[in-house]
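Subject: Structure for you to look at

Hello,

Here is the structure you will be working from, with the sequence. My notes follow below it.

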Amino acid sequence: MIRLRVVLWVLVALAAALFALFALQLSRPKDDFVRSALIGKKVPAFALEPATDGRPGLSSADLADGRPKLLNVFASWCVPCAVEAPQLGALERQGVEIVAVAIRDRPESVDGFLAAYGNPFSRIGADPISEVQLALGSSGVPETFVVDGRGIIRHQHLGEIRDSDVPILLEKLREAGE
Amino acid sequence: MNPAPSARVRPAPSANRVRPALPAMERRPEARSAVARRTIAQPAITSAIDAPSASVRTASLSETTPAGAAAPDPQLLAPALFAPVRPAPASPGALPAPAEEATSDPRLAAAQPFAAPLFAPSRTAPSLPRHLAAALLRAARTAAASATPLLAAAALASGAPAFAQDMLPPAPFAYRQLPDAEQEKQARALMEQLRCLTCQSQSIADSDAPMAGDMRHQVRTRIAAGESPDQVRAWLVERYGDYVSYRPQMSATTWPLFAVPLLLLVVALLILRRRLRGAR
């Protein structure tokens with residue numbers, strides 16, 4: 001009889017634990033972001049034509065030139081990319097080298113975007129069929145990767161860079177430079 | 001119209017609150033980017049979207065017990081949430097009148113013949129599902145009605161660049177089939193098992209998002225170049241994790257999903273055997 005009672009309480013505890021789990025998971029905000037699984041791995045080999053006349057194109061070799069840098073995945077049609085432009089500008093003024101891949105974009109659109117929101121990029125590759133974006137494990141725009149001097153991806157930032165993200169990225173770049 | 005591209009925004013804290021009210025719309029890429037555009041539109045709009053959805057939720061709760069409710073017909077209307085399960089002689093005054101809208105809504109009225117035998121042991125037993133359904137339906141309707149114009153306004157406020165998006169043609173093999181029928185069949189089967197990253201409940205075969213087209217192009221060109229479907233899948237999983245593939249994989253984290261049902265079956269058989277023995 002006592003044994004039965006214990007068993008029943010165990011069942012009650014199990015059910016309570018299950019509902020606690022439901023409550024916990026339901027109260028968490030949903031995270032829609034698909035993160036790249038390439039963190040800690042080398043940037044896949046690629047070579048992209050310039051996206052605009054003003055800057056050279058981008059290849060994976062440029063990302064392994066010994067200096068850590070930011071790789072920004074953006075597009076002129078992407079509104080949050082315009083939102084993060086001031087923060088990218090601030091990073092560039094602090095001496096961060098930023099290279100970019102423009103997704104599904106035309107040169108004139110890229111030019112217009114850069115004229116309107118500033119051009120913090122030293123190189124911009126054109127990716128008209130999201131080839132490099134897919135190779136990087138990037139699932140949308142904007143995204144920003146921290147790549148170290150050997151071309152290894154150290155960090156991925158999803159979504160636009162906000163003011164509060166700037167110190168985080170600087171810290172990740174510092175770590176990547178060590 | 002161009003299908004919306006894969007622009008994304010980190011959900012502002014308030015964005016999470018908007019979402020539950022728009023479950024169906026949220027999956028549509030256009031709707032999502034309308035939400036995305038909101039970041040450019042000023043916080044005033046954010047709070048405007050939030051406010052009604054929050055009030056809708058509370059309203060839907062209070063509406064279930066309307067103040068001036070007519071006395072319910074116990075034969076037709078469901079008793080209150082906490083009414084006794086056994087058929088009780090109804091005393092309309094004592095119970096809060098719940099489901100007035102249940103019968104006033106023709107869709108729900110039509111659903112009742114089905115709902116009743118399923119959920120209610122007798123005609124006077126509490127039909128909680130019906131009660132809830134009425135509240136939910138009402139909440140959904142009001143939410144959709146109040147949120148849609150606001151989202152549209154937010155989209156308009158963000159201006160022309162949003163509509164000039166993504167005018168590049170789709171990747172060559174986004175919509176074109178491979179010449180080799182056998183390869184196309186393989187590619188097709190694989191595309192149905194790969195998740196669209198911008199519209200996450202669809203496969204890339206189902207989605208018209210530009211990025212899904214670019215993924216189809218990758219799948220087709222890689223298969224045309226002689227890779228096997230499993231190699232292509234592995235290439236994507238290497239980049240996006242298991243989440244990109246709909247086919248379940250046994251791994252260090254997923255094995256309990258496969259093991260637990262087997263374990264439960266064994267336990268059930270053991271218990272059954274003991275019981276049958278005991279019965280003898």
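Chain A has 178 residues, of which 51% count as buried. This is a predicted model, and every value below is computed from it. The secondary structure of chain A comes to 6 helices and 7 strands, in the order α-β-β-β-α-α-β-α-β-α-β-β-α from the N terminus. Among contacts in chain A with a separation of 6 or more, 72% are between residues 24 or more positions apart.

Contact between the chains

The contact involves 40 residues of chain A and 38 residues of chain B. Together the two chains bury about 3,300 Å², and 55% of that is on carbon and sulfur atoms. The interface has 1 salt bridge by the rule used. The partners are Arg104(A) and Asp214(B), whose closest N and O atoms are 2.7 Å apart. On the side of chain B that touches chain A, the elements giving two or more residues are helix H9 (210-224) and helix H10 (229-240). H9(B) gives the most, with 6 residues.

Two buried residues in loops of chain A

Ser36(A) is in the loop between H1 and strand S1 (47-48). With a relative accessible area of 6%, Ser36(A) is buried, because the cut-off for buried is under 20%. A polar atom of the Ser36(A) side chain lies 3.1 Å from the backbone nitrogen of Leu38(A). Neighbours within four places in sequence aside, Ser36(A) is in contact with Leu136(A), Gly137(A), Phe145(A) and Gln156(A), and with Arg239(B) from the other chain.

Cys78(A) is in the loop between strand S3 (69-74) and helix H2 (79-83). Its relative accessibility is 1%, so Cys78(A) counts as buried too. Cys78(A) and Gly140(A) are 62 residues apart in sequence, while their C-alpha atoms are 9.7 Å apart in space.

Aromatic rings

Over all chains there are 4 aromatic pairs. One of them joins Phe19(A) and Phe22(A): the ring centres are 5.7 Å apart and the planes are at 80°, so the pair is edge-to-face. Both residues lie in helix H1 (residues 2-27) of chain A, 3 residues apart, about one turn of the helix. Phe19(A) counts as exposed at 55% relative accessibility, and Phe22(A) as partly exposed at 39%.

Phe113(A) and Tyr117(A) make a tilted pair, 5.0 Å centre to centre with 50° between the planes. These two are 4 residues apart in helix H4 (residues 107-117) of chain A, so about one helical turn separates them. Phe113(A) is buried, at 6% relative accessible area, whereas Tyr117(A) is partly exposed, at 41%. Phe113(A) and Tyr117(A) belong to one aromatic cluster with Phe74(A) and Phe121(A).

In chain B, two arginines sit over tyrosine rings. Arg195(B) lies over the face of Tyr243(B), 3.8 Å from the ring centre. The charged end of Arg216(B) is over the ring of Tyr175(B), 4.7 Å from its centre.

Salt bridges

The structure holds 16 salt bridges over all chains. Asp65(A) takes part in a salt bridge with Arg67(A), at 3.1 Å from N to O, and in another with Lys69(A), at 2.5 Å from N to O. Lys69(A) is buried, at 1%.

In chain B, the side chains of Arg247(B) and Asp230(B) meet in a salt bridge of 3.7 Å, N to O. This pair links distant parts of the chain, 17 residues apart: Arg247(B) is in the loop between H10 and helix H11 (255-279), and Asp230(B) is in helix H10. Arg247(B) is partly exposed at 37%, and Asp230(B) is partly exposed at 46%. Back in chain A, salt bridges with shared partners join Asp65(A), Arg67(A), Lys69(A) and Glu97(A) into one network.

Regards

How values were computed
Residues numbered from 1 in each chain as written. Chains lettered and ligands numbered in written order. Predicted model: local features only at pLDDT ≥ 70, side-chain atom pairs only at ≥ 80, totals over all residues. Heavy atoms only, no water. Phe/Tyr/Trp six-rings, centres within 6.5 Å; stacked < 30°, edge-to-face > 60°. Buried < 20%, exposed > 50% of the residue type's maximum accessible area, 1.4 Å probe, protein only. Lys NZ or Arg CZ within 6 Å of the ring centre and 35° of its normal. Contact = heavy atoms within 4.5 Å. Buried area = accessible area lost by both parts, 1.4 Å probe. Salt bridge = Lys/Arg side-chain N within 4 Å of Asp/Glu carboxyl O. Polar contact = N/O pair within 3.5 Å; in protein donor to acceptor, adjacent residues only side chain to side chain.
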